[in-house]
Amino acid sequence: MANIKSVLIKIKRQPTPDASSAWEEFEIPYKPNMNITSALMEIAANPVTRDGKQTTPVTYDSNCLEEICGSCAMLINGRARMACSALLDHLEQPIKLEPLSKFPIVRDLAVDRSVLFENLKRVKAWVPIDGTYDLGPGPRVTAEQQEQAYPLSRCISCCCCMEACPQFNEETGFVGAATIAQVQLFNTHPTGHALKHERLAALMGDGGIQECGYAQNCVEVCPKDIPLTKAISEVGGEVMKQALSELFRR
Ligand code: SF4
Ligand code: SF4
Ligand code: FES
């Protein structure tokens with residue numbers, strides 16, 4: 001983009017959850033090292049479309065600006081990714097911005113991703129503690145355990161993996177890859193392990209791990225390179241073992 005003096009951006013807008021959507025086109029001055037968030041800020045400073053129509057600033061979620069908070073996920077040229085780490089220099093123009101398609105729209109590019117948090121509650125994705133008093137030091141975590149856990153702990157709840165997953169839809173009610181990876185994280189934690197049985201039980205049946213078709217779209221789009229398919233296959237094995245042992249105990 002060496003000699004390009006402006007950037008063309010098409011944005012799918014929707015003022016309310018029930019309104020119909022429409023595209024607006026913007027042309028902003030090119031500056032080196034811009035990302036999608038800074039382009040949206042540029043538009044907010046002067047919300048006028050390419051054909052001169054005054055409009056409103058585009059609504060989107062954003063917080064950390066460094067791919068840590070997970071809030072700025074959207075479809076950028078059709079791919080689920082983070083706005084703050086998507087550099088304009090690496091994107092084909094016109095750049096197309098759309099909200100994630102599998103989550104209820106709040107406004108413009110902002111969507112309601114609370115389904116992920118409900119799914120994390122469903123599988124008890126936390127380390128249980130007995131009260132809030134000082135419990136003393138927890139069990140030791142070996143360097144090997146830390147190495148296994150760290151990649152899984154990098155999840156930023158962006159929902160890109162769910163957006164890209166063909167199985168994540170209303171029909172299946174599938175919990176999605178992020179939730180399964182968090183089950184693996186907390187089940188392998190020496191204290192979190194206490195809820196392992198309940199977590200695996202929550203992944204059995206409708207919407208559980210058997211909905212996964214191993215298409216691996218999730219791992220392709222995860223901005224934090226989380227080993228999702230490895231986690232899915234390991235948790236799948238554990239779910240199967242637990243289901244079989246319950247069957248034989250009857
Ligand atoms: S492997 Fe495929 S079906 Fe399973 S969670 Fe990932 S994208 Fe979805
Ligand atoms: S697993 Fe990856 S893509 Fe999915 S929510 Fe976590 S960080 Fe985002
Ligand atoms: S603003 Fe936090 S991940 Fe993009």
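Which cavity is the space taken by ligand 2? The space that ligand 2 takes is the second largest cavity. A molecule counts as sitting in a cavity or pocket if more than half of its atoms lie within 2 Å of its grid points.

This is a predicted model, where local features need pLDDT of at least 70, side-chain atom pairs count only at pLDDT 80 or more, and totals for chains, interfaces and linings use all residues. Residues are numbered from 1 along each chain as its sequence is written, chains are lettered from A and ligands numbered from 1 in the order in which they are written, and side-chain values use heavy atoms, with hydrogens and water left out.

The whole structure holds two cavities of 30 Å³ or more. A cavity is a set of points on a 1 Å grid over the protein atoms alone where a 1.4 Å probe fits but cannot get out; lining residues have an atom within 4 Å of a point. Points are joined across faces, edges and corners, and a volume is the space filled by probe spheres set on them.

| Cavity | Volume |
|---|---|
| Largest cavity | about 100 Å³ |
| Second largest cavity | about 70 Å³ |

In the largest cavity, Cys165, Phe174, Cys212, Ala215 and Cys218 are the closest to the centre among 15 lining residues. Its lining has 10 nonpolar, five polar and no charged residues. Ala, Val, Leu, Ile, Met, Phe, Trp, Tyr, Cys and Pro count as nonpolar, Asp, Glu, Lys and Arg as charged, the others, Gly among them, as polar.

The second largest cavity has 13 lining residues, with Cys155, Cys161, Ala178, Cys222 and Ile226 nearest its centre.

Key: On a 1 Å grid over the protein atoms alone, a cavity is a set of points where a 1.4 Å probe fits but cannot get out, and a pocket is an open set with protein on both sides within 12 Å along at least five of seven lines; lining residues have an atom within 4 Å of a point.
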